[in-house]
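Please look over the sequence and the model shown here before reading on. The paragraphs that follow go through the structure part by part.

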Amino acid sequence: MSTTTYAVSGMSCAHCKATLTKVIGELDGVTAVDVDLAAGQVTVTSATEPDDARLAEVVDDAGYELTGRAA
């Protein structure tokens, strides 16, 4: 298992949280998604190391911006 936290901008409400949970959760290998609106972070748990470029693509397509891995 791999758990990675990403910084995501543009999230502000429960709809944002639900949308990102759905689109990221549909990616192959993803087993859990935790969206923290207050911190502007999304934590992804997956069977293998996540594909950052693919994650950025689905987040951007949903209308948000993945700005990188959180420190």
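In which helix does Thr19 lie? Thr19 belongs to helix H1, which covers residues 14-25, where helices (H or I, at least four residues) and strands (E, at least two) are DSSP runs numbered from the N terminus. This is a predicted model, in which local features need pLDDT of at least 70 and side-chain atom pairs count only at pLDDT 80 or more, while totals for chains, interfaces and linings use all residues. Residues are numbered from 1 along each chain as its sequence is written, and side-chain values use heavy atoms, with hydrogens and water left out.

Thr19 has a relative accessible area of 18% and is therefore buried, a word that stands for under 20% relative accessible area, with exposed meaning over 50% and partly exposed the range in between (1.4 Å probe, protein chains only). Once its neighbours within four places in sequence are set aside, Thr19 is in contact (heavy atoms within 4.5 Å) with Ala62 and Tyr64.

S1 has a covered face made of Ser2, Thr4, Tyr6 and Val8, and an uncovered face made of Thr3, Thr5, Ala7 and Ser9. In a regular strand the side chains alternate between the two faces of the sheet. S1 and S3 pair in the antiparallel sense over six bridges, pairing being assigned if DSSP finds at least two bridges between two strands; within this pair, Ala7 has Gln41 of S3 as its bridge partner. S1 is also joined to S4 by four bridges, again in an antiparallel arrangement, and here Ser9 stands opposite Glu65.

What does the largest nonpolar core contain? A nonpolar core is a set of buried Ala, Val, Leu, Ile, Met, Phe, Trp, Tyr and Cys residues joined through side-chain atoms within 4.5 Å, and the largest one here has 17 residues, with Val8, Met11, Leu20, Ile24, Val42 and Val59 having the most contacts inside it.

Not counting residues up to four places away in sequence, Val42 touches Thr4, Thr5, Tyr6, Val8, Met11, Leu20, Ile24, Val33, Asp34 and Val35. Val42 and Thr4 are 38 residues apart in sequence, and their C-alpha atoms are 8.3 Å apart in space.

Side chains of opposite charge can pair when their charged atoms come close. The structure holds four salt bridges, each being a side-chain nitrogen of Lys or Arg within 4 Å of a carboxyl oxygen of Asp or Glu. One of them joins Lys22 to Glu26, with the closest N and O atoms 2.7 Å apart, and both Lys22 and Glu26 are exposed. In another, the side chains of Arg69 and Glu49 meet at 2.8 Å, N to O. Arg69 lies in strand S4 (residues 65-69) and Glu49 in the loop between strand S3 (41-46) and helix H2 (52-61), so this pair ties together parts that are 20 residues apart in sequence. Arg69 is partly exposed at 40% relative accessibility, whereas Glu49 is exposed at 52%.

A salt bridge also links the side chains of Glu57 and Arg54, at 3.0 Å from N to O. Glu57 and Arg54 both lie in helix H2, three residues apart, about one turn of the helix. Glu57 is partly exposed at 40% relative accessibility, and Arg54 is partly exposed as well, with a relative accessible area of 37%. Elsewhere, salt bridges that share partners join Glu49, Asp52 and Arg69 into one network.

How many disulfides are counted? With a disulfide taken as a pair of cysteine sulfur atoms within 2.5 Å, the count comes to zero. Cys13 is partly exposed at 30% relative accessibility, whereas Cys16 is buried, with a relative accessible area of 5%.

Finally, an unreviewed UniProt entry carries the annotation "domain: HMA" over residues 2-67; UniProt positions are given in the numbering used here, feature names are shortened, and annotations may be inferred rather than shown by experiment. Over residues 2-67 the chain is 33% helix and 36% strand, and the end C-alpha atoms are 19 Å apart.
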